[in-house]
Amino acid sequence: AGGAQGPRSSSYATAPAGLAAYADLLARSNHPVTRLRSPLAEDPPSPATTLVVLDPGALPAVEVRALHDFLASGGRLVIGGRGPHPWLPEIMDDPPRWTGGGVHEAGMIAPAAEVSGLTAVRAEAEGYWSHSGASLPALGRGAKSIVNVAAPEGGRALLLADASILHNRLLGRGDNAALGLRLAGEAGRPVAFVESVHGYGAATGLGALPQQWRAAGALGVLAALVLLWARGRRLGPPEEAARALP
């Protein structure tokens, strides 16, 4: 339908920098997948869910607070991406500091459950955590970590300095898919992609109807037009020049 497209790090995006393949991988691996288009503050997810927020750009203060509350309630959060994250200190105390650059191949630094045994995770060298703060450097190379782990207030935060490791173009390389499954948590755990940060809003009006319903409605309108045409008066012969006499 027009080729690969969609915003960066969106689970709807089939472009090379999208996460559509990752969402498919999770769904096929017994993780119920949902996409959140309403603001988190209006519809907070269950702490039993793994929440994925990658490359969100600017985050409203109310959304940052909702993420903080999600972690505080014991939720599992996969967050980060390219660029500095000025909102991260509002979500957790003493967060890591992002720096541009990074690595093209990463392996385990610390034996966290999410990265244990991984030796060849491919990346686009978009960024790394130059200062870990209160988090544990788990995956990277040398002093450059690209996945850090933190456990603030009972929750678990998986901090990605380089979201390309889960992107469509790299998910099938090395140990990337294995890492993606471990980030999601145990089998059967629901995973929710926050799509409101990528410009998707809650559907309203006709857009809120399922696609099958909209197709059925269009067919119904077409059938009504055909019926009107079939029952309508046909064009007859030309009008005669004079009235026929008895």
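In the predicted model, Ile 165 is in contact with Val 121, Arg 122, Ala 123, Ile 146, Val 147, Leu 160, Leu 171, Asn 176 and Leu 179, its neighbours within four places in sequence being left aside. Ile 165 belongs to the largest nonpolar core, which has 31 residues. Together with Tyr 22, Ile 146 and Leu 166, Ile 165 touches the most other members of that core. At least two core residues come from each of helix H1 (20-28), strand E2 (50-54), strand E8 (136-141), strand E9 (144-150), strand E10 (156-160), helix H4 (176-184) and strand E11 (191-194).

The whole structure contains 10 salt bridges. In one of them, the side chains of Arg 76 and Glu 114 meet with an N to O distance of 2.8 Å. Arg 76 is in strand E3 (residues 76-80), whereas Glu 114 is in the loop between strand E5 (105-108) and strand E6 (121-122); the two residues are 38 apart, and the pair links distant parts of the chain. Both partners fall under the 20% cut-off for burial: Arg 76 has a relative accessible area of 11% and is therefore buried, and Glu 114, at 3% relative accessibility, also counts as buried.

A salt bridge is also formed by the side chains of Arg 141 and Glu 105, at 3.9 Å from N to O. Because Arg 141 lies in strand E8 and Glu 105 in strand E5, this pair ties together parts that are 36 residues apart in sequence.

Arg 169 is in the loop between E10 and H4, and Glu 126 is in the loop between E6 and strand E7 (127-131), so parts 43 residues apart in sequence are tied together by the pair. Arg 169 is partly exposed, at a relative accessible area of 33%, while Glu 126, at 14%, is buried. Both residues belong to one network, in which salt bridges that share partners join Arg 8, Asp 55, Glu 124, Glu 126 and Arg 169.

On the surface, a nonpolar patch is formed by Leu 219, Leu 222 and Val 226, which together have about 290 Å² of accessible area. Val 226 is located in helix H5 (residues 211-231). This residue is partly exposed, its relative accessible area being 47%.

Overall, the chain has five helices and 11 strands. Its radius of gyration is 26 Å, well over the 18 Å given by the globule rule for 246 residues, so the chain is more spread out than a compact globule. The C-alpha trace spans about 110 × 35 × 30 Å along its principal axes. Of the 246 residues in the chain, 43% are buried. Among contacts with a separation of 6 or more, 68% are accounted for by residues 24 or more positions apart. The chain exposes about 12,800 Å², of which carbon and sulfur atoms supply 58%.

Notes: Residues numbered from 1 in each chain as written. Predicted model: local features only at pLDDT ≥ 70, side-chain atom pairs only at ≥ 80, totals over all residues. Heavy atoms only, no water. Core = buried A, V, L, I, M, F, W, Y, C linked by side-chain atoms within 4.5 Å. Buried < 20%, exposed > 50% of the residue type's maximum accessible area, 1.4 Å probe, protein only. Helix = DSSP H or I, 4+ residues; strand = E, 2+ residues; numbered from the N terminus. Contact = heavy atoms within 4.5 Å. Salt bridge = Lys/Arg side-chain N within 4 Å of Asp/Glu carboxyl O. Patch = residues over 30% accessible without salt bridge, like charges linked within 9 Å, V, L, I, M, F, W, Y side chains within 5 Å. Areas by Shrake-Rupley, 256 points an atom, 1.4 Å probe, with all protein chains shown as cover. Rg over C-alpha atoms; globule rule 2.2 N^0.38 Å.
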